[in-house]
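I open these notes with the structure itself. My entries on what I looked up follow below.

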Amino acid sequence: MGQALQKRRAVLIVEDDAELRSLTAALFDDEEVDTIECESAEAALATLLIGGREVAMIFADVRLRRVMDGIDLAREVKMRWPLLPVILTSGHPRERVGKLPPGVAYMSKPWQPLNVLIAAEQALASRV
């Protein structure tokens with residue numbers, strides 16, 4: 001019998017701006033990681049509830065257009081999956097974003113693509 005194929009891990013990108021969401025996903029094209037794109041926190045939470053085992057990290061905007069924002073999503077994720085890395089991003093300075101749930105990282109926009117890739121690599125390494 002051969003070895004079982006290992007399922008690739010994914011970065012869940014939550015951004016309501018379709019262009020920015022696609023650009024963020026494109027950062028991972030050359031990496032050994034899949035991406036899952038969601039335009040709302042509600043869609044991201046549904047994705048996690050249905051098949052969250054493959055998600056290794058969440059990269060989400062703070063400001064989202066639906067009922068839940070990125071902070072609400074991070075709070076819910078940390079309650080259900082406390083070890084799942086979450087990085088929130090916003091164009092607002094960190095002090096204007098408000099209190100983040102414990103264990104949630106923050107990256108201000110405009111972020112450097114390399115910094116996103118490094119954060120993802122660290123998150124993926126911690127989830128092995």
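I take a residue as buried under 20% relative accessible area, exposed over 50% and partly exposed in between (1.4 Å probe, protein chains only). I record that this is a predicted model, in which local features need pLDDT of at least 70, side-chain atom pairs count only at pLDDT 80 or more, and totals for chains, interfaces and linings use all residues. Residues are numbered from 1 along each chain as its sequence is written, and side-chain values use heavy atoms, with hydrogens and water left out.

**Entry: Val 11.** I looked up Val 11 and found it in strand β1 (residues 10–14); strands (E, at least two residues) and helices (H or I, at least four) are DSSP runs, numbered from the N terminus. Val 11 counts as buried, because its relative accessibility is 0%. I also noted that 23 Å separates the C-alpha atoms of Val 11 and Val 67, which are 56 residues apart along the chain.

**Entry: the aromatic pair.** I found one aromatic pair in the structure. The ring centres of Phe 59 and Trp 111 are 5.6 Å apart and the planes stand at 80 degrees, so the pair is edge-to-face (rings of Phe, Tyr and Trp, the last by its six-membered ring, pair with centres within 6.5 Å; planes under 30 degrees apart are stacked, over 60 edge-to-face, the rest tilted). Phe 59 lies in strand β3 (residues 55–61) and Trp 111 in the loop between β5 (104–108) and α5, so the pair ties together parts 52 residues apart in sequence. Phe 59 is buried at 3% relative accessibility, and Trp 111 is buried at 16%.

**Entry: Glu 121.** I located Glu 121 in helix α5 (residues 113–126). Glu 121 counts as exposed, because its relative accessibility is 58%.
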